[in-house]
Amino acid sequence: MPEAPCFPLGPCLIGHGKGPAPWGEDGNVQLPYVYRVTKYDPADRDAHGYYTGSEDTVSDHGEVEASYLQAVAAFARETGIDHLAVREPQVPSFVHLGVEPPVDGFGLDGLFPAGPAGFYDGAEVSLEIGLQLVRAMLRDNGAWCRLEAEGAFAVHVGWDQYLYISSSRPCEEASAHTRELGLFPERLRTSPYAFEAEGEEQEQVTQRPGDDDFWAELHRAVADGSAGILEETYLEGASRWHRLDRDTVDTVRARLAPRARLAAWPPLSPDIDAVLKALPTEGLVEGVWQDNDGHIHSTIADETAFPELAARMRSARAAALLSAYAGESVPMFTAVMADNDGVLRARWRTEPTPSDRNWALRHPER
């Protein structure tokens, strides 16, 4: 059954969103014209708005999919948009919930001059590339993001071929063209996939930026031996780990992805036997280890993969086990990388640590 509906201009009935969700740099701008575009005829919905017809929930990779892309292009043209920004990009981690299996490269191959590294929060893309990203999302290739022109336009894909388009303009011609394509545009108050901050606590605690003050504190923590590795979450679902010493902190900083989320952790332990003895009998853990060439590796495993994880870590130079459950393994302090002009435009947030809360109390002006 296709995803549960949001009644036109009414409250959303599903758990994908919690109600109207603004976006924009000031956090207060919500585009006034929101359309849900689907191949599902409203005449085939029951009294609760659920679709009961025969349309499949996967892309046909053909004429219908092409109609979706033409609809996005029509709304963009009527809004006056020819470029979009990638927001909150993500790829599958160890769990993939799409109907179709992810493909190699998550549908990003050939879309960015720099390769998949060009897929980051804030990346500017042409409308043509934006349409290719929409195609990848319709096909459940693995990559997902919101595509936006701030204050003017937004498009993103939900479950079951549900497409959401928002505009600063009513786009009556695009709506009519979409119907001519055989699709059904329906007005909503908001998209259930529009960005909103996650959790009351994150909204109350000021997000620390990865600015010069953060890096100065990291330098001090590395120098006194309390910090030794940095976790860089460059996409939702994808992280890199960096070994830190007095000589490498600045080098690591220069290599980070734009708007990445950062977490400083204590050094890895050279006592591999002690680390492996701490493996639980069941559950999810993240193993982090440094090989003999100095590279840092990580993987998330459950009890079925613990023997393989232990075998890989046994020959490591140093290692650590972190709980994969929220709140059980807490980094020393965190940040989100600001843009080159020092402004923090990323909307995603890190989970605040005690150190982060103390920092926020010292910086109420932010």
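A salt bridge is a side-chain nitrogen of Lys or Arg within 4 Å of a carboxyl oxygen of Asp or Glu. The model is predicted: local features need pLDDT of at least 70, side-chain atom pairs count only at pLDDT 80 or more, and totals for chains, interfaces and linings use all residues. Residues are numbered from 1 along each chain as its sequence is written, and side-chain values use heavy atoms, with hydrogens and water left out.

**View 1. A salt bridge joins R253 and D212.** The N to O distance between the two side chains is 2.8 Å. R253 lies in helix α6 (residues 249-255) and D212 in helix α5 (residues 212-223), so the pair ties together parts that are 41 residues apart in sequence. Helices (H or I, at least four residues) and strands (E, at least two) are DSSP runs, numbered from the N terminus. Are these partners buried or exposed? Buried means under 20% relative accessible area, exposed means over 50%, and partly exposed is in between (1.4 Å probe, protein chains only). D212 is exposed, at 54%. R253 is partly exposed, at 28%.

**View 2. R36 and E186 form a salt bridge.** Their closest N and O atoms are 3.1 Å apart. R36 belongs to strand β1 and E186 to strand β7 (residues 184-188), so this pair ties together parts that are 150 residues apart in sequence. R36 is buried, with 1% relative accessibility. E186 is buried too, at 10%. How many salt bridges does a search of the whole structure find? The search finds 17.

**View 3. R87 and E88 meet in a salt bridge.** Here the N to O distance is 3.8 Å. R87 has a relative accessible area of 11% and counts as buried. E88, at 5%, is buried as well. Which network includes this pair? R87 and E88 are linked with D121, R146, E148, R259, D339, D341, R345 and R347 in a network of salt bridges.

**View 4. The largest nonpolar core has 42 residues.** A nonpolar core is a set of buried Ala, Val, Leu, Ile, Met, Phe, Trp, Tyr and Cys residues joined through side-chain atoms within 4.5 Å. F119, L133, L147, F153 and L163 have the most contacts inside this core. Two or more residues come from each of these elements: β1 (33-38), α1, β2 (83-90), α2 (127-138), β4 (144-149), β5 (153-157) and β6 (163-167). Which element gives the largest share? That is α1, with 8 residues. In soluble globular proteins, nonpolar side chains tend to be buried together.

**View 5. Negative charge gathers in a surface patch.** Its residues are D44, E55, D56, D60 and E63. Patches are made of residues with over 30% relative accessible area and no salt bridge; like charges are joined within 9 Å, and nonpolar side chains (Val, Leu, Ile, Met, Phe, Trp, Tyr) within 5 Å. Asp and Glu count as negative and Lys and Arg as positive, while His and the chain ends are not counted. E63 sits in helix α1 (residues 63-79). With 68% relative accessibility, E63 is exposed.

**View 6. D140 and C171 have positive phi values.** Phi of D140 is about 55°, although D140 is not a glycine. D140 lies in the loop between α2 and β4. At 22% relative accessibility, D140 counts as partly exposed. C171 is also a residue other than glycine, and its phi is near 55°. Where is C171? C171 is in the loop between β6 and α3 (172-180). C171 is buried, at 1%.

**View 7. A227 and F333 lie 9.8 Å apart, C-alpha to C-alpha.** Along the chain, 106 residues separate A227 and F333. A227 is in the loop between α5 and β8 (229-235). Its relative accessible area of 3% makes A227 buried.

View 8. D302 is partly exposed, at 30%. D293 is exposed, at 64%.

Technical notes: Accessible areas come from the Shrake-Rupley method with a 1.4 Å probe; for residues, only the protein chains shown count as cover. The place of a charge is taken as NZ of Lys, CZ of Arg, CG of Asp or CD of Glu.
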